[in-house]
Amino acid sequence: MYVKRTVKAGAVIETKKMYTSRVHTKGVRRQPKTKNTAKAQHAVNERKAEERLRWKMNANFSYGDLHLVLHYYDKLVTLEQAEADKRAFCRAMRAHFKKLGKAFKYVACTETKRMTNVHHHIIMPAFDLAVIQAVWERILGDRLGNVSVKPLDRRGNHAKLANYLIKETRKTMERCRAAGVRYKRFSCAQGMVQPEPVYDTVSARSWSNMPKPRKGYILLKDDNGDVLRTGIHELTGYPWAEYIELRVTQEPE
């Protein structure tokens, strides 16, 4: 027996098969637990944060939507000031969308890596770039900064972008923990779709090493050309395997 987790997010279906301490085939090999439990728990937390971000992005954004970076030219911008500016930007954009009778969806996070100026990443629907630039300049006032933008592509699976954002916000989280400040990894607009996993217990000794896509979908390959990714859970020591399906109306990654 094993547990199958399925997550449907936009054009993507993620399937992960795993053994747990409560559900596993008798005799399945289990790796020794790591001695560094804190490090293992941190890895699990990072993965969970990335999953939630990836699912939300896949469910709410698609081709032509925007990945903005709001830049500061001042290296001495504090995290407190940056957070206030980010909130002001989102409020202003919400007002612009409201005038058009549209809901403003966004995912926002702040990067504060050493040797890099503080900047914000904003994922949002396509909009007039001149308006976006004017809003950011108004918020900056006498300070200087800029906006860079990259439209989302046709792949439908924004896994690499989610991985990048989680990695780039790591230092921000470390700074906040060191200062004893509670801080969200990323913020989102209210009312956005948040896909939730569905768990099923499968009565089989093991899972297939050659997954088959459901009708209308294709299997996505990773950078190594594999469609099935496998690993060992950092805390339980039990193996897992996962694969990703994409609707054929999208182009494969």
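Over how many bridges do strand 4 (residues 107–111) and strand 5 (residues 119–124) pair, and in which sense? The legends below concern a predicted model, and the first of them takes up this pairing.

**View 1. Pairing of strand 4 with strand 5.** The two strands are joined over five bridges and run in the antiparallel sense. C109 has H121 of strand 5 as its bridge partner. In general, strands of a sheet pair through backbone hydrogen bonds, which may be parallel or antiparallel.

**View 2. The largest pocket.** Its volume is about 670 Å³. The lining comprises 29 residues, and E50, R54, A159, R229 and E242 are those that lie nearest the centre. Strand 2 (12–18), helix 1 (37–60), helix 4 (159–168), strand 10 (229–232) and strand 11 (239–247) each contribute at least two lining residues. Helix 1 gives the most, with seven residues. Sorted by class, the lining has 17 charged, eight nonpolar and four polar residues.

**View 3. The second largest pocket.** About 330 Å³ of space lies in this pocket. Its lining is made of 18 residues; R5, M18, K48, Y199 and H233 lie nearest the centre. At least two lining residues come from each of strand 2, helix 1 and strand 11. Helix 1 again gives the most to the lining, here with five residues. By class, the lining of the second largest pocket divides into 10 nonpolar, five charged and three polar residues.

**View 4. The aromatic pair of Y2 and W207.** The structure holds seven aromatic pairs, one of which is formed by Y2 and W207. A pair of aromatic rings is described by the distance of the centres and the angle of the planes. For Y2 and W207 the centres are 5.3 Å apart and the angle between the planes is 90°, an edge-to-face arrangement. Y2 belongs to strand 1 (residues 2–9), while W207 lies in the loop between strand 8 (198–202) and strand 9 (217–219). The pair thus links distant parts of the chain, 205 residues apart.

Key: Residues are numbered from 1 along each chain as its sequence is written. This is a predicted model: local features need pLDDT of at least 70, side-chain atom pairs count only at pLDDT 80 or more; totals for chains, interfaces and linings use all residues. Side-chain values use heavy atoms; hydrogens and water are left out. On a 1 Å grid over the protein atoms alone, a cavity is a set of points where a 1.4 Å probe fits but cannot get out, and a pocket is an open set with protein on both sides within 12 Å along at least five of seven lines; lining residues have an atom within 4 Å of a point. Grid points are joined across faces, edges and corners, and a volume is the space filled by probe spheres set on the points. Helices (H or I, at least four residues) and strands (E, at least two) are DSSP runs, numbered from the N terminus. Ala, Val, Leu, Ile, Met, Phe, Trp, Tyr, Cys and Pro count as nonpolar, Asp, Glu, Lys and Arg as charged, and the others, Gly among them, as polar. Two strands pair if DSSP finds at least two bridges between them. Rings of Phe, Tyr and Trp (its six-membered ring) pair if their centres lie within 6.5 Å; planes under 30 degrees apart count as stacked, over 60 as edge-to-face and the rest as tilted.
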